[in-house]
Amino acid sequence: MIRSCLELVDRIFEVAHCTVVLLDTKSGQLLRYFPDHLSADTRQHVKGRAATMAGQVGLLKPIANTQDMAVLGIDSSKVLVVAPPLTAAGALGHFVLKDLHYLNLILEIYASTISYDLINVRKQVALESSASGINSGSGSGCCYGRGSDTHETLRLAAVPATTKAPARQPPLQQKLQPDDAASKEWLGGLFAAFGGDLRAEPVLHHNPYRIEQAIKEAVRLGDEQLLQHAFAIPVQGTEGRLAVDELRSLKNHANLVNVICSRAAIDGGVSYEDAFRLSDQLFLLVESITDSEQAFNVRYAIAHAFTMLVHYHLKEHNPVEVSLKVQQAILYIRQHIYDKITVASVAQAVNCHRNYLQRLFKRDTSLSVVSYIRNEKLKIAKELLAHSDESVSNIAALLNFSSASHLCTVFKEQMHLTPEQYRKSHRSLG
């Protein structure tokens, strides 16, 4: 574990140019630190902060403000401290506000890695100390990184094409656990009901959900470096088998990454049409692959494509740097675009007074919060008018306008066309 800690110290300093210290709380020795000109006062300050986390493995106290430090328990004595960059005098300065979320996410990923590994070690010790002859068969599957493929193949009989529900439905159990005999019986009945045959145990330990979350967050932020970190999270064990054939299974994993990342891109502000168009093309790319290694490697290419789609979208639509509160407000508006959104609800979501948020929004975007909400809703309305046959009244209801006439009024003010005129003009051009 110490080797990966040292790598983490190097990586964080390279990305954020902050102060990073790996410290042994028992001996008081600084095992690794950047930069290498820490003053005596700074060393004592960092040691004091690290002492609060001694022995708390996998626990993270994230950075709360620009002058705070993040503290992460590595093992029984080692603690990682991430502090603000040093001033010319060697004292601690301030973080750049935009770095805080990024750093906290990287540290949270690593903290969950440590916690997960520690739980696995304890489980393994318990299994080894139990009665002989018990085979643990533990491991952590992963749909992003390779693991040892030791589980049996799950063989499925052909499923007949049908539009009707099967005549025989298996009973639903209240508790379905991998080691529960009732759940196995239920699952076997489900396979039989659809013409299949469950002949082997599935993977019991899949890769932790944190990797998927890290990838989604990198795509949503359009952050290529964070995506590299997400894919670099160490994985062990077996990978879930998603088809009888290995190549088909790998392709299915790649398609899952496609689905996950396309939705994350939409959350990042990309229009659903742009995200779905790219998704369609990437599905076709996956289907054209005939080599297992390529089917595995294409996962990163897919996630990278969506990350860059968000990156250029944000660069085009947010050319000037905006405050963290405004970024959070914009993301909230985009994620709740089909809801009824008010200035008060946005301010509450970002933990900010509505008047203060209004001033920040006007300063950073030259728009009021209400105008920004209206513009984002009209973007969706234009997409629906151009690419669907939904009625104006249905679109108004979907986007939470008070009425179809209200949507028509707002639409004409901005576009100088009625919604129906816009639909006809767009389709005539198409």
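Entry 1, the largest core. I began with the largest nonpolar core of this predicted model, which holds 35 residues, and I noted that I333, V346, L357, F361 and L407 touch the most other members. I then listed the elements that give two or more residues to this core, and they are α10, α11 (343-349), α12, α13 (369-387), α14 (392-398) and α15 (404-415). Among these, α13 gives the most, with nine residues.

I looked up the contacts of L407, leaving aside its neighbours within four places in sequence, and found L378, A381, V392, I395, A396 and F401.

I looked up how helix α10 (residues 324-335) packs with helix α12 (residues 354-365), and the angle is about 95 degrees, with the axes 9 Å apart. Because angles of 65 to 115 degrees count as roughly perpendicular, I recorded α10 as roughly perpendicular to α12. On the α10 side the contact is made by K325, V326, A329, I330 and I333, and on the α12 side by L357, L360, F361, D364 and T365. Sorting this contact by class, I have seven nonpolar residues, one polar and two charged.

Not counting residues up to four places away in sequence, S249 touches G240, R241, L242 and A243.

Methods: Residues are numbered from 1 along each chain as its sequence is written. This is a predicted model: local features need pLDDT of at least 70, side-chain atom pairs count only at pLDDT 80 or more; totals for chains, interfaces and linings use all residues. Side-chain values use heavy atoms; hydrogens and water are left out. Axes are lines fitted to C-alpha atoms, for helices over the stretch in contact, and angles run from 0 to 180 degrees between N-to-C directions. Helices (H or I, at least four residues) and strands (E, at least two) are DSSP runs, numbered from the N terminus. Angles under 35 degrees count as roughly parallel, over 145 as roughly antiparallel, 65 to 115 as roughly perpendicular and the rest as oblique. Contact means heavy atoms within 4.5 Å. Ala, Val, Leu, Ile, Met, Phe, Trp, Tyr, Cys and Pro count as nonpolar, Asp, Glu, Lys and Arg as charged, and the others, Gly among them, as polar. A nonpolar core is a set of buried Ala, Val, Leu, Ile, Met, Phe, Trp, Tyr and Cys residues joined through side-chain atoms within 4.5 Å. Buried means under 20% relative accessible area, exposed over 50%, partly exposed in between (1.4 Å probe, protein chains only).
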